[in-house]
Amino acid sequence: MAKTFRFVSYEFDEKESEIRLNYAFDEQIQMQEKIIFHNAKKEFFADEKKAISQIGFFLHIACGISYYKALLPPEIKLESGMLNKEQAAFFETFYLKGLGEFAWRNQLNLNGKIKFPFARQGSFEQPSELALPCRIAIPVGGGKDSNVVIESLKKTGQDLVAIAQGRPRPIKESIEASGLPDIDFTRIISPQLLELNKLPGTYNGHVPISGIYAFCLALAAVLYGYSRVAMGNERSANVGNLIRDDNFEVNHQWSKSLAFEEMFGEFNHKYMLKNFSYFSLLRPLSELDIASRFAKLTQYHKVFTSCNKAFKIDKDKRLDRWCGDCDKCRFVFLALAPFMDKRQLIEAVGHNLLDDASQEDGFRELLGLLNHKPFECVGETEECCVALDMIANKPEWQNDTLVKKLYPDVLAKHGQNQLKLWHEKAFAPSCKHHIPDDLKDCILCS
């Protein structure tokens, strides 16, 4: 049983455009993560080097969550730098809420157990005032959301660049379909962690990957030159999956939520890059609204994939397209059904999930008829019910097995009047977002 998790050191190799993050449990288990920024510039001015070092320290702590969770030792030791009280509180929240689903699945309660040391006195670096080029980076995940962001921002005439971690087929082909220049970086998890995860007594589970990438994107802003990141996180990411008995909300998408976006934005401007901003262009929209917009982007229909099995770390275990048997596949199929041609949707996903009786329990969870909202990046229960309502009387869908079976149950539970109200809500943009003023029209007026 490890007693201490150590943030040992980090270093940025300018020649290799690579940051190395070193961790350890006590003295026995040494681990190194590498993040390679392909084709980044090799020479930096003094103020750029200083910014890289500042961001690198916080990236070191953010990435550490993947390693810390394996053994959850009672003590955290910082050897690569110092935090002040506010910074320590930020990372305690990042770890606690980011590991919410992990803790739930492993029957753990981490409240009060994650304590980052901090210095009560001393001087701390101010945020870098580095001038960054007026360019917007769009993280591409290979699914519908980032493609909607790309095509919406093209209308603004802004200088755009796609950025992604790795190049699984859906990401590569989505970028190609967009026609944008792109930035490629690769995160390499320590082999020692992968071996440790196989041992009995080791904890495994979900980490806030979008939150980790937020720090990667801040560092990449210095390495490649851009001043804004436009995410594709919709408002349903704000809604948790369940509330524990102690009133703690477990949210699979916490690091995609508005709460994280605001928390990270404040931290960044106070401690990392004063002239860099991070926001979600899709924050005002529901999943159904986004699906209706994506349905019109036919150039992406044959290349996009939302199934997580297409993005597994182990390349040998990746699927090329959709598995057709997971919460993500079911949700995206249901969300697109009201808007895409049925034949084209079935061709994209592989088969008709709404005419497959084996998918019943999964759709019941999405529709709020069974258990809780699935631990996946799926929409709210209400909009899933609206999607089913929208296709229930369409001749091409109404006789499919699960449409016939589940729609009466949705009506019995919620009633037609409630569905009507939910429909209006689904297509009314929320005012809770941080879209810059010069970009609002491309998403709110289209």
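Tutor: Here is a walk through the side-chain pairs, with a few lone residues at the end.

This is a predicted model, so local features need pLDDT of at least 70 and side-chain atom pairs count only at pLDDT 80 or more, while totals for chains, interfaces and linings use all residues. Residues are numbered from 1 along each chain as its sequence is written, and side-chain values use heavy atoms, with hydrogens and water left out.

Let's begin with charges. Side chains of opposite charge can pair when their charged atoms come close. The structure has 32 salt bridges (a side-chain nitrogen of Lys or Arg within 4 Å of a carboxyl oxygen of Asp or Glu). Take Arg187 and Glu33, whose side chains meet in a salt bridge at 2.5 Å, N to O. This pair ties together distant parts of the chain, with Arg187 in strand β7 (residues 182-188) and Glu33 in strand β3, 154 residues apart. As for the word, buried means under 20% relative accessible area, exposed over 50%, and partly exposed in between (1.4 Å probe, protein chains only).

Now look at Lys154 and Glu151, which form a salt bridge of 3.0 Å, N to O. These two sit three residues apart in helix α5, so about one helical turn separates them. Lys154 is partly exposed at 35%, whereas Glu151 is buried at 15%.

Lys405 and Glu360 make a salt bridge as well, with their closest N and O atoms 3.0 Å apart. Here the link runs between distant parts of the chain: Lys405 belongs to helix α15 (residues 401-414) and Glu360 to helix α13 (residues 360-366), 45 residues apart. Lys405 is partly exposed, with a relative accessible area of 44%, but Glu360 counts as buried at 15%. Salt bridges can also share partners, and in that way Glu11, Asp13, Glu18 and Arg20 are joined into one network.

Next come the rings. A search of the whole structure turns up 41 aromatic pairs. Rings of Phe, Tyr and Trp (its six-membered ring) pair if their centres lie within 6.5 Å, and the planes count as stacked under 30 degrees apart, edge-to-face over 60 and tilted for the rest. Phe90 and Phe91 are an edge-to-face pair, 4.9 Å centre to centre with 85° between the planes, and both of them are buried. Tyr95 and Phe116 form an edge-to-face pair as well, at 5.0 Å and 80°. Tyr95 is in helix α3 (residues 85-98) and Phe116 in the loop between α4 (100-105) and β5 (136-139), which puts them 21 residues apart and links distant parts of the chain. Tyr95 is buried at 0% and Phe116 is buried at 2%.

A charge can meet a ring, too. Lys342 lies over the face of Trp397, 4.7 Å from the ring centre ("over" means NZ of Lys or CZ of Arg within 6 Å of the ring centre and within 35 degrees of the ring normal).

What about cysteines? The structure holds zero disulfides (pairs of cysteine sulfur atoms within 2.5 Å). Cys134 is in none, since the nearest cysteine sulfur, that of Cys442, is 14 Å away. For Cys329, also in no disulfide, the nearest cysteine sulfur is that of Cys326, at 3.6 Å. Cys134 is exposed at 59%, while Cys329 is buried at 0%.

Asn39 has a positive phi of about 60° although it is not a glycine. Its place is in the loop between β3 (29-37) and α1 (46-63), and Asn39 is exposed at 78%. Asn247 also has a positive phi, near 70°. Asn247 is in the loop between β9 (242-243) and β10 (249-250) and is exposed at 65%.

Note on methods
Helix = DSSP H or I, 4+ residues; strand = E, 2+ residues; numbered from the N terminus.
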